[in-house]
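Have the model open while you read.

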There are 2 protein chains.
Amino acid sequence: MNSLNEIACFLMSRDNFVILTHQYPDGDTLGSAFALCRALRKLGKKARVIVNGVLADKFAFMCDDLEEQCFDYETVIAVDIASVTLLGDLSEEFAGRVDAAIDHHAMNSPFAKYTYENPQAAANAENIFELIKLIGVEVDKKTADCIYTGLCTDTGCFKFSNVTPQTMRMAAELMELGCDSALINRVMFDTKSMARIRIESAALNTLAMYCNNKIAVIYTSLQMEKDAGVRESDTDGIAALPRQIEGVIIGITIKEKQAGKYKISVRTTDGCDAASICRAFGGGGHHAAAGCAIDGTLEEVREKLVTEAKKALCG
Amino acid sequence: MNSLNEIACFLMSRDNFVILTHQYPDGDTLGSAFALCRALRKLGKKARVIVNGVLADKFAFMCDDLEEQCFDYETVIAVDIASVTLLGDLSEEFAGRVDAAIDHHAMNSPFAKYTYENPQAAANAENIFELIKLIGVEVDKKTADCIYTGLCTDTGCFKFSNVTPQTMRMAAELMELGCDSALINRVMFDTKSMARIRIESAALNTLAMYCNNKIAVIYTSLQMEKDAGVRESDTDGIAALPRQIEGVIIGITIKEKQAGKYKISVRTTDGCDAASICRAFGGGGHHAAAGCAIDGTLEEVREKLVTEAKKALCG
């Protein structure tokens, strides 16, 4: 493990950077990457970001003004990538070649020459903001937008328990640096596609409650997604819905991926362990949010999950 | 108009306080009132809050540990009450008798002997936090919870354009004072009753779009509310739904109050003026959020609103 200052010194000593994001890139990995890219270019370095998958329209503002730079890369940086498996399709080219990894997750198997991990940070963008200050370049308006997007998307707009006083103060500072906080919040948290509205409504129509309404289960099928006309990004956050129901302690979302194959998301509250439920099916995750995959019929899958959920509720 | 310091000196010179909240009391008026009540009691004063309507369950924590104090009141304070009409049922007893009013709205017709207004504050709770510091008493955990609730509820959990760097820094400070920010956020923003889920779904089923999907209209009828089993608080925020749809600039919610009588909420974005639409029907409000009342059949009401909305869109 290295200090953030060591990472800063390393970056300043190198050039020709590629910055990698994790697969299914979200606001934090993208915000971290484009903010760092902008800072390195301000230092006079060459840098580009590799978006590891589809760049959602709502994140396009992060790079719409960045000129393309063609160069042979020399230095590889990974941001918000806790494990080498999250490199996905980039593994073949970059696994084993990462020079520095900067993350806010605890890394069980560090994979880079230099590693900075800070699990106290709500978003990796917090680490990047501090890193850019250490590098000593100005944080301009666009860079502030990128960092703010990381902060707000990884905290549910400052709602989740990972938020610290530092998160709030950094957001204040970014606002003073000119970031479009209200617009970013509206785009990230207050805008739903018609398809999203349809799939939410359809999913809630499948709601089943167990154990005195402490366990809530919803599902989405391929047919429901087709009827609603959803793209992948339209179903982000659907897994949060069942746990939001008043009194629910365990919220389970069953998503059909292929016929007979389901992806499961479990969200819990009140100290009930989501990861233990998912481990019973070979999955895992955090205490309040975990996932797994189960094959079978919908009824079988639901019954297995409810059985494990009941154990977690009593345990 | 007075300075906050003048208000602080006035409070310190008096005793036997009643603190008034506005009708249909929300998190900010209640948080302001209970925080101030606690601070005055810490000063050794007698103080109580008059809840101007029903105290929703989710706000009960603000006063569950406060002992009742019986006394003849001498000093009347109004918090988050921009106009004497918002006193509602308390008007008869208190209109003309308010000693100090503390608000974050601009007051067109000040009604108290001492008035502090600060429209830069996102929530009135910001003013109360500063006031308590001027009074010089400790902000304990419960007081911090009350102030934080005011901040987060009036800003949509730090999402709206009224949030300033000061709002974020105050939230950071309240977290350091021990407030249960994550729990409060979950209760205020991440918990829905089953009735709320049903009425949202029913309302979205009435969605009608106009002007190339730039105007969205939903309605709720008394029958729909009955079928969903809603209480008044279950419909808070329903008016935000149509404007959240991707591409929508004007979102209109028509709520049946009695047969042939409708309450209208208009929410806009991209600089379109909601208040101008509502003024056409004798209502008013802010640029992005306004309201009015219209009588007629549902179809008449909808047609009138869409006609005005089209004008606002072009204007």
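## A left-handed crossing in chain A

Helices α2(A) and α5(A) cross in a left-handed way; a crossing gets that label if the near helix is turned anticlockwise from the far one by less than a right angle, while clockwise makes it right-handed. Touching here means contact, that is, heavy atoms within 4.5 Å. On the α2(A) side you'll find A:G27, A:D28, A:G31, A:F34, A:A35 and A:R38, and α5(A) brings residues including A:K142, A:C146, A:I147 and A:D154. Sorted by class, this contact has 4 nonpolar, 6 polar and 4 charged residues. (Ala, Val, Leu, Ile, Met, Phe, Trp, Tyr, Cys and Pro count as nonpolar, Asp, Glu, Lys and Arg as charged, and the others, Gly among them, as polar.)

This is a predicted model, where local features need pLDDT of at least 70 and side-chain atom pairs count only at pLDDT 80 or more, while totals for chains, interfaces and linings use all residues. Residues are numbered from 1 along each chain as its sequence is written, chains are lettered from A and ligands numbered from 1 in the order in which they are written, and side-chain values use heavy atoms, with hydrogens and water left out.

## How the two helices line up

What is the angle between α2 (residues 27-42) and α5 (residues 141-154) of chain A? They pack at about 160°, with axes 8 Å apart. (Axes are lines fitted to C-alpha atoms, for helices over the stretch in contact, and angles run from 0 to 180 degrees between N-to-C directions.) So α2(A) and α5(A) are roughly antiparallel, a label for angles over 145 degrees; under 35 is roughly parallel, 65 to 115 roughly perpendicular and the rest oblique. Helices themselves are DSSP runs (H or I, at least four residues), as strands are (E, at least two), numbered from the N terminus.

## Where the chains meet

Helix α6 (residues 165-176) of chain A packs with helix α6 (residues 165-176) of chain B at about 170°, their axes 8 Å apart. That makes the α6(A) and α6(B) pair roughly antiparallel. Their contact has 10 nonpolar, no polar and 6 charged residues.

Overall, each of chain A and chain B puts 36 residues into the contact.

## Charged pairs

The rule finds 8 salt bridges across the interface of chain B and chain A (a side-chain nitrogen of Lys or Arg within 4 Å of a carboxyl oxygen of Asp or Glu). One pairs A:D270 with B:R186, their closest N and O atoms 3.7 Å apart.

Inside chain B, B:D140 bridges to B:K42 at 2.5 Å between the closest N and O atoms.
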